[in-house]
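Open the model in your viewer and colour it by chain. The stops below are given in the order in which to select them.

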Amino acid sequence: MKIRVFASFMVLLACCFGLIVLADNHEEENNMLVFPEAYTPMKVNGGGKITGLVKFEGEVPEMKKLDINKDKVVCGKEPKFDESVVVGENKELKNTIVYLMDIVKGKDFDAESKKPEIDQEGCKFTPHVQIVPVGARLTMLNNAPITHNVHILLNDADMGQDINKSQNRMLKKLRIKGIAKAGGPVEVKCDIHSWMKAYIAYVPHPYFAVTNEKGEFTLENVPPGTYKLGFWHEVCGTNNKEPQTVTVAAGGEVKQDFTLKLPE
Amino acid sequence: MRTTFFVLFILMFSLFVVTLTSYTQEAPEVSERGKEVYEESCAHCHGIEGRGDGSAAENLLPRPRDFTGGVYKIRSTESGELPTDQDLFDIITNGMPGSSMPEWESALSADDRWELVAYIKTFYSGFQELKESETLPRLINLTGKVKYSQESVEIGKVLYTELGCIECHGNVGRGDGTSAPTLVDSWDYRTWPANLSQGWNYRGGSTTEDIFKRFIGGIAGSPMPAFEGDTFYHFGLTPEESKRAVELENKEEITPEDEAEYAKYSEKMENAIDAALDRAEGTELTPEAQKIYDDAMKVVYEKSWHLANYVKSLSPEKRPEYAIGNNVLRSQYKEGDLPTFDDAEWETLESSYYPLVGQVIVEPRQFNPTIDSVNVKSFYNDTEVAFLFTWDDRTNNTSVEETENFGQSFIDGLAIQFPVKVPKGPTDEKPYFLWGGRKPVYLWQWMASEPETIKELTAKGMSNAGLQEDQGNVQAESEYKEGQYRLWVKRALKTEDKKDLQIEPAVFVPIAFSAWDGANGDIDTKRAITSWYTFVLEPVPSSRRFIYPPLVALLSLGLLVGLRQFVQRKNT
């Protein structure tokens with residue numbers, strides 16, 4: 001009897017321990033996107049559509065004014081604000097990634113999405129969140145005679161060594177090598193202008209959307225089926241723990257809205 | 001006959017070197033010994049598990065490296081690559097000057113250092129993966145070095161601005177670029193651009209090759225980017241083509257022929273960039289693409305050597321000798337008025353070099369000082385003495401400010417310390433070097449908030465300093481320019497005030513310094529300091545009053561005799 005109690009106690013202990021370890025591992029994964037093991041592009045017939053609206057709930061944090069302490073003539077033309085939470089009139093949340101977590105077959109990237117760009121006009125990264133297909137080369141644009149450096153923090157996401165490439169004032173375009181592994185979103189920054197910051201997601205399939213000013217997103221040409229729908233936002237986090245399930249009918253349209261809040 | 005011998009010798013020697021280097025390319029298999037040495041010598045900084053969290057880590061900036069991320073600053077490999085075993089061996093051997101990473105050449109055998117290389121590699125799986133993939137990290141190509149010359153330095157100087165080194169390192173390289181105050185490293189700690197006029201503080205050495213490798217490969221973990229081939233303007237064009245392309249770019253009216261010509265250049269550049277990116281992504285290049293890449297890189301490498309030569313020109317070959325022994329500061333006698341702040345006459349003097357260290361004895365302490373040294377020159381005449389103090393500081397802080405990311409910044413300053421009474425001889429006790437104790441010290445305190453004022457203080461310890469009643473006896477003028485302060489100070493040799501130092505020719509006077517870099521959080525006892533040094537008003541050559549203190553004389557005599565013997569032995 002005693003031995004039994006002891007044994008079950010030990011098992012319990014082991015379980016607790018296992019759970020702790022699991023929880024620990026999940027901490028980091030919870031801030032990352034979730035990808036299928038493999039993805040095969042194919043021709044999609046009778047694809048459906050997923051649309052929706054992402055809204056922010058709770059008190060909207062004030063957009064902090066950024067201290068433009070350098071190259072003021074070009075960078076400081078208009079005031080700049082921290083873009084970690086950008087909402088519209090009715091709290092529609094911009095810059096949220098909405099995507100399919102578990103799709104394994106579907107459309108291929110279109111020509112345009114294979115040529116992602118980030119513009120540094122006015123010493124600000126536009127867009128603030130950029131989707132980059134795995135292997136695609138990102139182009140950094142710079143029309144002003146201002147020197148930047150493009151610093152992509154891959155190492156924080158265990159995606160290898162950081163990229164940190166100089167883009168001097170004469171280079172209107174700088175191309176960044178493709179990354180073979182999906183991951184992120186990772187931060188990209190410019191050390192020369194400390195306020196410049198954006199995110200890049202390296203993705204293996206094209207079912208990713210970033211919400212616009214109106215908080216809207218659209219995923220098009222989705223093969224009929226049931227999927228997990230995920231979101232990511234730089235401050236509000238993800239729904240990795242409880243992804244939304246959606247079912248897309250052939251040629252149909254599903255609407256799925258999200259409400260995000262600041263983490264506790 | 002002789003030449004054959006010589007050639008043979010060279011051959012043998014190179015063989016020896018080759019075998020030596022091929023032997024040292026690879027670290028041994030991981031062993032217990034590596035772990036043992038690591039835990040004994042490295043773990044208190046780098047942590048038992050290599051996470052950079054040893055017991056001594058907390059106060060250090062930069063932090064001891066976290067080896068689990070595989071981030072290494074000093075590499076002979078291209079951007080994005082891991083270091084070679086030799087790189088790791090070298091950095092362990094030489095340490096990282098300007099940081100708390102010590103050299104281990106004197107404390108550990110070469111074998112032990114190799115064991116350590118093998119052991120620290122186990123903290124990051126990327127090394128194992130690299131080994132399994134049976135590839136080597138790509139080395140930066142060091143061939144085609146351009147010899148140092150003034151001409152090369154001039155070309156390099158233009159590139160320094162063009163490529164944007166200036167943004168962080170500043171106009172003349174003192175680390176005072178406009179981006180300097182906001183930089184953070186990959187672990188979110190504050191970091192400063194290297195002061196390129198102080199090669200002895202470079203982490204990875206200051207030879208032209210070292211410099212070349214640092215900016216081509218970048219410094220991983222720091223904000224400093226890699227200046228790879230395709231980050232150069234007109235990558236893929238020859239210098240002539242580039243010149244022509246610039247002409248076309250700036251032309252007002254473009255003819256169809258111009259357009260066609262420019263399209264040709266554009267295509268060439270595209271191809272070169274494609275080749276560079278293919279290569280960076282790990283794609284095998286076709287012989288054709290390889291040639292395009294090599295040709296493009298030839299131009300880049302040549303430019304890079306010019307730039308390396310320019311950076312090299314910014315710093316003296318070696319750290320200056322400290323102001324002791326033969327380098328003691330000797331104030332020069334001058335008849336008539338002493339040179340003013342801007343006087344060119346200062347240029348005629350060599351300066352004496354006083355290295356500073358962080359004050360770590362009294363709380364609050366400074367473990368990571370940013371001011372390397374104070375340089376001093378001095379003239380005197382029959383009634384007055386004038387000093388010119390120069391020291392590098394990356395920022396000009398004239399008031400207390402709240403910074404965006406680094407808390408408060410304070411006011412820059414310098415204090416020059418003397419005893420109130422000059423010790424009677426070398427054995428006579430000096431006041432305690434930290435602002436005196438039982439024996440008082442006399443201080444000149446200057447702050448960047450009042451750039452034309454020197455306050456006179458008397459102190460009997462760090463927490464026991466007071467303004468003298470009688471102020472205004474010391475004149476001062478100063479300037480901050482390109483990351484450097486210049487402070488000119490003048491005082492009468494003799495004063496009425498009993499609490500002042502009275503200065504006489506030919507008497508060795510103790511002198512010490514404190515310096516505050518407000519941006520580095522320096523205030524009160526948190527500062528950089530020296531211990532006691534000495535200076536002397538060099539007697540007028542004609543007057544024979546002067547007698548060297550016996551010790552100095554003896555020392556020089558001993559040196560002379562020793563040298564003569566050495567030379568004689570050499571000759572026989």
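Predicted model: local features only at pLDDT ≥ 70, side-chain atom pairs only at ≥ 80, totals over all residues.

Select helix 11 (residues 256-281) together with helix 12 of chain B: the two pack at an angle of about 105 degrees, and their axes are 9 Å apart. Angles of 65 to 115 degrees count as roughly perpendicular, so helix 11 and helix 12 of chain B are roughly perpendicular to each other. Now show side chains at the contact. Helix 11 of chain B brings Asn271(B), Ala272(B), Ala275(B), Ala276(B) and Arg279(B), and helix 12 of chain B brings Ala289(B), Ile292(B), Tyr293(B) and Ala296(B). By class, this contact has 7 nonpolar, 1 polar and 1 charged residues.

Residues to pick on helix 7 of chain B include Ile155(B), Leu159(B) and Tyr160(B), and on helix 12 of chain B the contact includes Trp305(B), Leu307(B) and Tyr310(B). The class count for this contact is 7 nonpolar, 5 polar and 2 charged residues.

Next, select helix 4 (residues 85-94) of chain B. How many of its 10 residues are buried? The count is 7, so helix 4 of chain B is mostly covered, buried being under 20% relative accessible area. Among them are Leu88(B), Phe89(B), Ile91(B) and Ile92(B). To see part of what covers the buried residues, display helix 5 (110-121) and helix 6 (125-132) of chain B.

Notes:
Residues numbered from 1 in each chain as written. Chains lettered and ligands numbered in written order. Heavy atoms only, no water. Buried < 20%, exposed > 50% of the residue type's maximum accessible area, 1.4 Å probe, protein only. Helix = DSSP H or I, 4+ residues; strand = E, 2+ residues; numbered from the N terminus. Contact = heavy atoms within 4.5 Å. Nonpolar A, V, L, I, M, F, W, Y, C, P; charged D, E, K, R; others polar. Axes fitted to C-alpha atoms, helices over the stretch in contact; angles between N-to-C directions. Parallel < 35°, antiparallel > 145°, perpendicular 65-115°, else oblique.
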